[in-house]
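Subject: Structure handover

Hello,

Here is the structure for you to look over.

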Amino acid sequence: MRVAVHAPGDPGHGVVRHARAVAGLAGLAEPSEPSELSEHDGPPDLVHAHFTDALFGPDVATAARAFATWAADLRRPLVVTLHDVPGADPDPARDARRAAGYRRVIACADAVVVSSRHEAERVRRVAGALARVIPLPLPLPAPPAPAPAWAERPSLVVLGFVYPGKGHDLALDLAAGRGLRVVAAGAVVPGHTAPAGVLVTGALTDAELAAAARAAAVPFVANPGVSASGSLLAWLAHGRRPVTAAGAYADEVAADTGALAPTTDLAAALDHAVAYPATTWLDTPPAWPDVGAAHRALYRDVLRSRAAVSRC
(Lines give C-alpha, C1' and ligand atoms only; values in the text may rest on other atoms or scores of the structure.)
Protein backbone atom coordinates (compact mmCIF):
# COMPACT_ATOMS: atom_id res chain seq x y z
CA MET A 1 0.00 0.00 0.00
CA ARG A 2 1.57 3.26 -1.17
CA VAL A 3 0.30 6.40 0.56
CA ALA A 4 1.30 9.90 -0.49
CA VAL A 5 1.06 12.57 2.22
CA HIS A 6 0.15 16.19 1.47
CA ALA A 7 0.98 18.62 4.29
CA PRO A 8 2.53 21.76 2.81
CA GLY A 9 4.19 24.39 4.96
CA ASP A 10 6.94 25.02 7.47
CA PRO A 11 8.38 21.69 8.70
CA GLY A 12 8.14 23.07 12.25
CA HIS A 13 4.40 23.80 12.03
CA GLY A 14 2.39 21.61 14.39
CA VAL A 15 0.20 20.16 11.63
CA VAL A 16 3.17 19.33 9.41
CA ARG A 17 4.92 17.70 12.35
CA HIS A 18 1.74 15.72 13.06
CA ALA A 19 1.63 14.52 9.45
CA ARG A 20 5.24 13.38 9.72
CA ALA A 21 4.56 11.57 13.00
CA VAL A 22 1.49 9.78 11.63
CA ALA A 23 3.36 8.72 8.51
CA GLY A 24 6.09 7.19 10.66
CA LEU A 25 3.66 5.39 12.94
CA ALA A 26 1.70 4.07 9.96
CA GLY A 27 4.89 2.60 8.51
CA LEU A 28 5.32 5.09 5.67
CA ALA A 29 9.01 5.76 5.12
CA GLU A 30 8.61 9.53 4.72
CA PRO A 31 5.70 11.89 4.08
CA SER A 32 5.88 12.37 0.30
CA GLU A 33 3.90 14.59 -2.01
CA PRO A 34 2.15 12.69 -4.82
CA SER A 35 4.37 14.39 -7.42
CA GLU A 36 7.51 13.18 -5.62
CA LEU A 37 6.67 9.46 -5.72
CA SER A 38 8.64 7.60 -8.34
CA GLU A 39 6.64 6.33 -11.28
CA HIS A 40 9.17 3.48 -11.40
CA ASP A 41 7.71 2.27 -8.11
CA GLY A 42 4.20 2.96 -9.26
CA PRO A 43 1.74 5.74 -8.41
CA PRO A 44 0.25 6.01 -4.90
CA ASP A 45 -2.77 3.92 -4.03
CA LEU A 46 -4.16 6.67 -1.80
CA VAL A 47 -3.40 10.27 -0.79
CA HIS A 48 -3.62 11.52 2.79
CA ALA A 49 -3.86 15.29 3.16
CA HIS A 50 -3.81 17.36 6.34
CA PHE A 51 -5.83 20.57 6.29
CA THR A 52 -5.89 23.66 8.43
CA ASP A 53 -6.68 26.94 6.74
CA ALA A 54 -3.44 28.60 7.90
CA LEU A 55 -1.35 26.18 5.83
CA PHE A 56 -3.13 26.75 2.53
CA GLY A 57 -3.78 30.47 2.29
CA PRO A 58 -4.02 33.88 3.98
CA ASP A 59 -7.74 33.38 4.67
CA VAL A 60 -10.04 30.41 4.83
CA ALA A 61 -11.79 31.04 1.49
CA THR A 62 -8.46 31.22 -0.34
CA ALA A 63 -7.16 28.19 1.53
CA ALA A 64 -10.23 26.08 0.71
CA ARG A 65 -10.10 27.13 -2.93
CA ALA A 66 -6.40 26.20 -3.15
CA PHE A 67 -7.09 22.84 -1.54
CA ALA A 68 -10.01 22.10 -3.87
CA THR A 69 -7.95 23.02 -6.94
CA TRP A 70 -5.19 20.67 -5.82
CA ALA A 71 -7.62 17.85 -4.97
CA ALA A 72 -9.47 18.13 -8.29
CA ASP A 73 -6.43 16.75 -10.12
CA LEU A 74 -6.09 13.64 -7.98
CA ARG A 75 -6.98 10.29 -9.48
CA ARG A 76 -6.68 8.38 -6.22
CA PRO A 77 -8.85 8.10 -3.09
CA LEU A 78 -8.30 11.02 -0.72
CA VAL A 79 -8.23 10.92 3.09
CA VAL A 80 -8.28 14.33 4.78
CA THR A 81 -7.36 14.95 8.40
CA LEU A 82 -8.93 18.18 9.59
CA HIS A 83 -7.21 20.34 12.19
CA ASP A 84 -8.61 23.38 14.06
CA VAL A 85 -12.16 22.43 13.12
CA PRO A 86 -14.55 25.42 13.32
CA GLY A 87 -17.48 25.54 15.66
CA ALA A 88 -16.40 27.38 18.80
CA ASP A 89 -15.01 30.72 17.64
CA PRO A 90 -16.16 33.66 19.82
CA ASP A 91 -16.64 35.62 16.56
CA PRO A 92 -19.72 34.07 14.88
CA ALA A 93 -18.92 35.67 11.52
CA ARG A 94 -15.40 34.21 11.47
CA ASP A 95 -16.79 30.85 12.55
CA ALA A 96 -19.28 30.93 9.65
CA ARG A 97 -16.53 31.79 7.14
CA ARG A 98 -14.33 28.97 8.39
CA ALA A 99 -17.24 26.54 8.37
CA ALA A 100 -17.92 27.32 4.70
CA GLY A 101 -14.27 26.73 3.85
CA TYR A 102 -14.14 23.44 5.72
CA ARG A 103 -17.33 22.26 4.00
CA ARG A 104 -15.59 22.76 0.66
CA VAL A 105 -12.60 20.70 1.82
CA ILE A 106 -14.81 17.95 3.26
CA ALA A 107 -16.62 17.68 -0.09
CA CYS A 108 -13.31 16.66 -1.69
CA ALA A 109 -12.65 13.75 0.66
CA ASP A 110 -13.40 10.05 0.51
CA ALA A 111 -12.82 9.90 4.27
CA VAL A 112 -12.45 12.56 6.94
CA VAL A 113 -10.34 12.14 10.08
CA VAL A 114 -10.39 14.23 13.27
CA SER A 115 -8.52 13.89 16.54
CA SER A 116 -11.35 13.99 19.08
CA ARG A 117 -15.00 13.12 19.50
CA HIS A 118 -16.11 16.71 19.89
CA GLU A 119 -14.35 17.56 16.61
CA ALA A 120 -16.34 14.78 14.94
CA GLU A 121 -19.50 16.38 16.30
CA ARG A 122 -18.39 19.73 14.87
CA VAL A 123 -17.87 18.13 11.46
CA ARG A 124 -21.38 16.67 11.67
CA ARG A 125 -22.83 20.09 12.51
CA VAL A 126 -20.76 21.99 9.94
CA ALA A 127 -21.15 19.63 6.98
CA GLY A 128 -23.50 16.80 7.90
CA ALA A 129 -20.55 14.44 7.41
CA LEU A 130 -19.23 11.54 9.44
CA ALA A 131 -15.61 11.72 10.56
CA ARG A 132 -13.44 8.92 11.89
CA VAL A 133 -11.81 9.76 15.23
CA ILE A 134 -8.13 8.83 15.47
CA PRO A 135 -6.41 10.45 18.45
CA LEU A 136 -3.26 12.50 18.21
CA PRO A 137 -0.21 10.31 18.84
CA LEU A 138 1.14 10.19 22.36
CA PRO A 139 4.76 11.36 21.93
CA LEU A 140 7.64 9.03 22.69
CA PRO A 141 9.86 10.91 25.16
CA ALA A 142 13.55 11.27 24.44
CA PRO A 143 16.26 10.89 27.10
CA PRO A 144 16.31 14.29 28.84
CA ALA A 145 19.00 16.90 28.37
CA PRO A 146 20.52 18.50 31.50
CA ALA A 147 18.09 20.57 33.56
CA PRO A 148 17.56 24.07 32.14
CA ALA A 149 18.89 27.09 34.02
CA TRP A 150 15.38 28.34 34.76
CA ALA A 151 14.78 25.21 36.85
CA GLU A 152 16.64 26.90 39.72
CA ARG A 153 13.38 28.70 40.52
CA PRO A 154 9.92 27.08 40.86
CA SER A 155 8.15 27.62 37.55
CA LEU A 156 4.64 27.43 36.17
CA VAL A 157 5.28 26.04 32.69
CA VAL A 158 3.15 26.29 29.56
CA LEU A 159 4.34 23.84 26.93
CA GLY A 160 4.34 24.35 23.16
CA PHE A 161 4.06 27.21 20.70
CA VAL A 162 3.42 30.69 22.08
CA TYR A 163 0.38 32.49 20.64
CA PRO A 164 -2.56 34.53 21.95
CA GLY A 165 -5.10 32.45 23.86
CA LYS A 166 -2.64 29.70 24.79
CA GLY A 167 -2.85 30.68 28.46
CA HIS A 168 0.31 32.64 29.19
CA ASP A 169 -1.58 35.74 30.38
CA LEU A 170 -3.66 33.61 32.72
CA ALA A 171 -0.52 31.88 33.93
CA LEU A 172 0.99 35.27 34.82
CA ASP A 173 -2.12 36.24 36.77
CA LEU A 174 -2.13 32.96 38.68
CA ALA A 175 1.59 32.97 39.36
CA ALA A 176 1.53 36.45 40.89
CA GLY A 177 1.95 36.19 44.65
CA ARG A 178 2.69 32.47 44.55
CA GLY A 179 6.44 32.73 44.05
CA LEU A 180 6.32 31.08 40.62
CA ARG A 181 8.01 32.18 37.44
CA VAL A 182 6.05 31.64 34.19
CA VAL A 183 8.00 29.76 31.52
CA ALA A 184 6.87 29.28 27.93
CA ALA A 185 8.63 26.07 26.90
CA GLY A 186 8.51 26.57 23.16
CA ALA A 187 8.87 29.04 20.33
CA VAL A 188 6.76 32.12 19.60
CA VAL A 189 4.57 31.73 16.52
CA PRO A 190 5.70 34.22 13.82
CA GLY A 191 3.67 37.40 13.92
CA HIS A 192 3.00 37.18 17.65
CA THR A 193 4.83 38.19 20.82
CA ALA A 194 4.97 36.67 24.27
CA PRO A 195 3.43 38.63 27.15
CA ALA A 196 5.88 40.66 29.20
CA GLY A 197 7.05 38.70 32.20
CA VAL A 198 7.09 35.30 30.51
CA LEU A 199 10.44 33.55 30.07
CA VAL A 200 10.43 32.07 26.55
CA THR A 201 12.79 29.19 25.89
CA GLY A 202 12.50 29.20 22.12
CA ALA A 203 12.29 26.02 20.07
CA LEU A 204 13.30 22.89 21.98
CA THR A 205 14.87 19.66 20.86
CA ASP A 206 13.18 16.46 21.99
CA ALA A 207 15.81 16.08 24.73
CA GLU A 208 15.32 19.69 25.86
CA LEU A 209 11.56 19.19 25.88
CA ALA A 210 11.99 16.15 28.12
CA ALA A 211 14.20 18.18 30.45
CA ALA A 212 11.67 21.04 30.55
CA ALA A 213 8.83 18.63 31.35
CA ARG A 214 10.80 17.24 34.28
CA ALA A 215 11.88 20.68 35.50
CA ALA A 216 8.41 22.26 35.71
CA ALA A 217 7.27 22.81 39.27
CA VAL A 218 3.72 23.00 37.95
CA PRO A 219 2.80 21.92 34.40
CA PHE A 220 -0.07 24.03 33.09
CA VAL A 221 -2.66 23.72 30.30
CA ALA A 222 -5.00 26.68 30.27
CA ASN A 223 -6.84 26.89 26.94
CA PRO A 224 -10.37 25.48 27.43
CA GLY A 225 -11.29 25.99 23.77
CA VAL A 226 -8.54 23.87 22.25
CA SER A 227 -9.93 21.19 19.93
CA ALA A 228 -6.95 18.81 20.23
CA SER A 229 -3.70 19.48 22.04
CA GLY A 230 -0.31 17.98 21.39
CA SER A 231 0.98 20.04 24.31
CA LEU A 232 -1.42 18.35 26.72
CA LEU A 233 -0.43 14.92 25.44
CA ALA A 234 3.26 15.82 25.69
CA TRP A 235 2.83 16.46 29.42
CA LEU A 236 1.18 13.07 29.86
CA ALA A 237 3.79 11.30 27.75
CA HIS A 238 6.51 12.73 29.99
CA GLY A 239 4.76 11.50 33.13
CA ARG A 240 3.28 14.81 34.25
CA ARG A 241 -0.30 15.55 35.32
CA PRO A 242 -0.81 19.22 34.41
CA VAL A 243 -3.16 21.65 36.08
CA THR A 244 -5.71 21.76 33.27
CA ALA A 245 -8.64 24.00 32.40
CA ALA A 246 -11.88 22.14 31.84
CA GLY A 247 -12.94 22.01 28.21
CA ALA A 248 -14.23 19.57 25.62
CA TYR A 249 -10.84 18.09 24.70
CA ALA A 250 -9.38 17.98 28.21
CA ASP A 251 -12.58 16.39 29.47
CA GLU A 252 -12.36 13.69 26.78
CA VAL A 253 -8.75 12.87 27.63
CA ALA A 254 -9.61 12.78 31.33
CA ALA A 255 -12.51 10.40 30.71
CA ASP A 256 -10.41 8.13 28.49
CA THR A 257 -7.27 7.97 30.64
CA GLY A 258 -8.04 9.00 34.21
CA ALA A 259 -4.76 10.96 34.06
CA LEU A 260 -6.27 14.44 34.38
CA ALA A 261 -8.60 16.37 36.63
CA PRO A 262 -9.80 19.30 34.47
CA THR A 263 -11.18 22.16 36.53
CA THR A 264 -12.86 25.54 36.29
CA ASP A 265 -11.08 26.63 39.49
CA LEU A 266 -7.51 26.88 38.27
CA ALA A 267 -6.37 28.96 41.25
CA ALA A 268 -7.37 26.26 43.72
CA ALA A 269 -5.84 23.56 41.53
CA LEU A 270 -2.60 25.52 41.32
CA ASP A 271 -2.45 25.96 45.11
CA HIS A 272 -3.00 22.22 45.52
CA ALA A 273 -0.23 21.43 43.03
CA VAL A 274 2.20 23.73 44.83
CA ALA A 275 1.33 22.26 48.21
CA TYR A 276 1.39 18.64 46.97
CA PRO A 277 3.88 18.47 44.07
CA ALA A 278 3.60 14.68 43.84
CA THR A 279 0.10 15.16 42.43
CA THR A 280 1.64 16.67 39.28
CA TRP A 281 3.38 13.38 38.44
CA LEU A 282 2.06 10.15 36.93
CA ASP A 283 3.41 6.73 37.83
CA THR A 284 3.40 5.86 34.12
CA PRO A 285 2.09 7.54 30.97
CA PRO A 286 -1.51 6.52 30.20
CA ALA A 287 -2.40 3.68 27.86
CA TRP A 288 -3.03 5.04 24.38
CA PRO A 289 -4.50 3.69 21.12
CA ASP A 290 -2.19 2.51 18.34
CA VAL A 291 -2.48 5.52 16.06
CA GLY A 292 -0.45 3.96 13.26
CA ALA A 293 -2.61 0.84 13.18
CA ALA A 294 -5.77 2.97 13.17
CA HIS A 295 -4.54 4.85 10.10
CA ARG A 296 -3.58 1.67 8.28
CA ALA A 297 -7.03 0.26 8.97
CA LEU A 298 -8.62 3.43 7.61
CA TYR A 299 -6.52 3.30 4.44
CA ARG A 300 -7.58 -0.33 3.87
CA ASP A 301 -11.25 0.56 4.41
CA VAL A 302 -11.08 3.40 1.90
CA LEU A 303 -9.29 1.31 -0.71
CA ARG A 304 -11.77 -1.55 -0.21
CA SER A 305 -14.78 0.70 -0.67
CA ARG A 306 -13.43 2.44 -3.76
CA ALA A 307 -16.37 4.81 -3.34
CA ALA A 308 -14.43 7.84 -4.51
CA VAL A 309 -16.36 11.11 -4.39
CA SER A 310 -16.77 13.41 -7.35
CA ARG A 311 -13.81 15.71 -6.86
CA CYS A 312 -14.62 19.24 -5.73
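Below are the findings, grouped by region.

Confidence comes before the rest. This is a predicted model. The chain averages a pLDDT of 92. A score of at least 70 is reached by 94% of the residues. Residues 35–40 are a stretch to handle separately: the pLDDT there is below 50. Beyond near neighbours in sequence, that stretch has five contacts in the model.

Next, helix packing.

Take α4 and α5. Helix α4 covers residues 92–106, and helix α5 covers residues 117–127. Their axes come within 9 Å and cross at roughly 95°. Angles of 65 to 115 degrees count as roughly perpendicular, so α4 is roughly perpendicular to α5. On the α4 side, Ala-99, Arg-103 and Ile-106 make the contact. On the α5 side, Val-123, Val-126 and Ala-127 do. By class, this contact has five nonpolar residues, one charged residue and no polar ones.

Now α8 and α9. Helix α8 runs over residues 230–237, and helix α9 over residues 248–257. They pack at an angle of about 30°, with axes 11 Å apart. Angles under 35 degrees count as roughly parallel, so α8 and α9 are roughly parallel to each other. The crossing of α8 past α9 is right-handed. From α8, the contact uses Leu-232, Leu-233 and Leu-236. From α9, it uses Tyr-249, Ala-250 and Val-253. The class count here is six nonpolar, no polar and no charged residues.

Asn-223 sits in the loop between β9 (218–221) and α8. Which residues does Asn-223 touch, not counting those up to four places away in sequence? They are Tyr-163, Gly-165 and Lys-166. Separately, the C-alpha atoms of Asn-223 and Ala-245 are 6.4 Å apart. Those two residues are 22 residues apart along the chain.

Last, the aromatic rings. How many aromatic pairs does a search of the whole structure find? It finds five. One of them is Phe-51 with Phe-67, an edge-to-face pair. The rings are 5.5 Å centre to centre, with 75° between the planes. This pair links distant parts of the chain, 16 residues apart. Phe-51 belongs to strand β2 (residues 46–51). Phe-67 belongs to helix α3 (residues 60–72).

Best wishes

Methods: Residues numbered from 1 in each chain as written. Predicted model: local features only at pLDDT ≥ 70, side-chain atom pairs only at ≥ 80, totals over all residues. Heavy atoms only, no water. Axes fitted to C-alpha atoms, helices over the stretch in contact; angles between N-to-C directions. Helix = DSSP H or I, 4+ residues; strand = E, 2+ residues; numbered from the N terminus. Parallel < 35°, antiparallel > 145°, perpendicular 65-115°, else oblique. Left-handed = near helix turned anticlockwise from the far one by under 90°. Contact = heavy atoms within 4.5 Å. Nonpolar A, V, L, I, M, F, W, Y, C, P; charged D, E, K, R; others polar. pLDDT = per-residue confidence, 0-100. Phe/Tyr/Trp six-rings, centres within 6.5 Å; stacked < 30°, edge-to-face > 60°.
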